[in-house]
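These notes are meant to be read beside the model, point by point. They begin with the contact between the two chains and end with one chain taken alone.

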Amino acid sequence: MFKWFGKVNFSPFTKVSAFADHLKDGRVMGSRCTKCGALSFPPRADCVECMHDGFEFFEISGKGTLHTYTKIAVAPTGFDDMVPYTVGLADLKETGRIVAWIGETIPEEEIKIGMEIQVVPRIFEEREKIKVYYTLEKPGTTWSKTDSMN
Amino acid sequence: MARVGIIGIGHAAFGRRSDATVQELAFEAFRAAMNDAGIGRSDIDASVIGSVPEYHKQRSLAGVVQEYLGLNPKPTWLTEVACASGCAAVRTGWMSIMAGVHRVVAIVGCQKMTELETPEILALMGRVGEVQWESIFGTTFPGYYAMFARRHMHEFGTTHEQMLSVAVKNHFYGAKNNYAMFRKEITIEKARDSDPVASPLQVFDCCANADGAACVILADEERAKALCKKPVIWLTGMGCATSSMSVLRRPNLVGLPSAQIAAAEAYEMAGVKPTDINVAEVHDCFTIAEIMACEDLGFCKKGDGGKLIADRQTYIGGKIPVNLDGGLKAKGHPVGATGVSMTVEIAKQLRGEAGERQVPNARIGLTHNVGGIGQYTFVQILRRE
């Protein structure tokens, strides 16, 4: 269910809703067009290359390199309890880019453009409340359940 | 080819305007533009309102503005492309005249941003990016430009000091603009001491939300020549392009593709080169944005924007004077009004009416109005004969 995706979710309904279910099981998925084979991350239901409406998910390795980042000191609604937090933008090995928090395996002084990162699924589960997201971590970090969103 | 000219310009003071509604601000700019043009409301065939709806309690803003301006039953409509809504209105008016549908059109950019409570502003701030894949990580508008800034520093050695020099310049000129929100010069030390917002950007790297309005009256060539007692300022190059909403789908993070394409289109239509531009208004929502704009517009090579400001080439007397009205940084940024305000400033410069901020003998000017992080860019070249 896509409403699980994110600390604050703004778009609960989408044709790529199963992305969040995969993420809950520790897999980060991109999409592949079933007609022309074009890959996309983030996944999209409609092929931007050939306009075909059929797609399948494929698992990305989560390997990538850090393209840029920023430490946010002034946060919007829903994120004020986390300030300051660092958002990174990474180039993914297979295709596309990803935006996510830089996680705790990478201390602030070690953050460097061009460094290798691993996209790691994070699952936060409480009774009747599930949230899934991912963070950018040191290569080799494996996915985990977490007990806080901070 | 048919031509469209500016025959009247008007500007309301930008800032925290707790004395006025948005339609009252619109009226200030409209009245000034009508007086400037020396025409009456019966000469106006239509109006186009540039504004971003989510800042106002009033829904369907064009209707209330049209009524307050006293322009019923003439047609009106709203243009919205985030912070580029103003130049979108200019382009829409230009299109309607080029199409021969209307002959004289009032373009009104207006925005009231300071009425919102802080929680409402913080909630809006959290949805400026692409909400499905990006906003869920608490991305912000300064945060996006900060990521451009960080990458620009990495690729070209641009320094944060160079970025803050943009703020120093824009406050230097803003101090000389009666309509500016911040009419005070600042030092680089003061800028450097300001609070962090999104690293490397600090408070003095960012423009401020504001209230304000600006207006230009456009006319076809025949009406412009018949009505206008001042030099007509012609819209000779009209460029417009888009880039992906999502920062994840951009080819790079050191410039705005939409700005580069819109600029090429505008230069071609106007038959001029970047070196022909005498004065420019660019979208400095953040200091890094002005640096990238100078590059995207071809005022210098990609990567040399930091050096351009460090060498003071964007001051009067430099290679290309930029944002002599204080820019968004010092003038304030009432989003829908900004593009029209840029158009007013360039028209003023080309008429020789800019006072102590005047570029001597300016004949060709340019506006660069960006929506969001370059999702939309309008580049418009104005010329005095």
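1. Across the interface of chain B and chain A, no salt bridges are found, a salt bridge being a side-chain nitrogen of Lys or Arg within 4 Å of a carboxyl oxygen of Asp or Glu. This is a predicted model, in which local features need pLDDT of at least 70 and side-chain atom pairs count only at pLDDT 80 or more, while totals for chains, interfaces and linings use all residues. Residues are numbered from 1 along each chain as its sequence is written, chains are lettered from A in the order in which they are written, and side-chain values use heavy atoms, with hydrogens and water left out.

2. The contact (heavy atoms within 4.5 Å) takes 33 residues from chain B and 39 residues from chain A. About 3,100 Å² is buried between the chains, 67% of it from carbon and sulfur atoms; buried area is the accessible area (1.4 Å probe) lost on putting two parts together, summed over both. W133(B), I136(B) and F137(B) supply 27% of the area that chain B buries against chain A, more than any other three residues.

3. Of the 150 residues of chain A, 50% count as buried, that is, under 20% relative accessible area with a 1.4 Å probe, protein chains only. The C-alpha atoms of chain A fill a box of roughly 45 × 40 × 30 Å along the principal axes.
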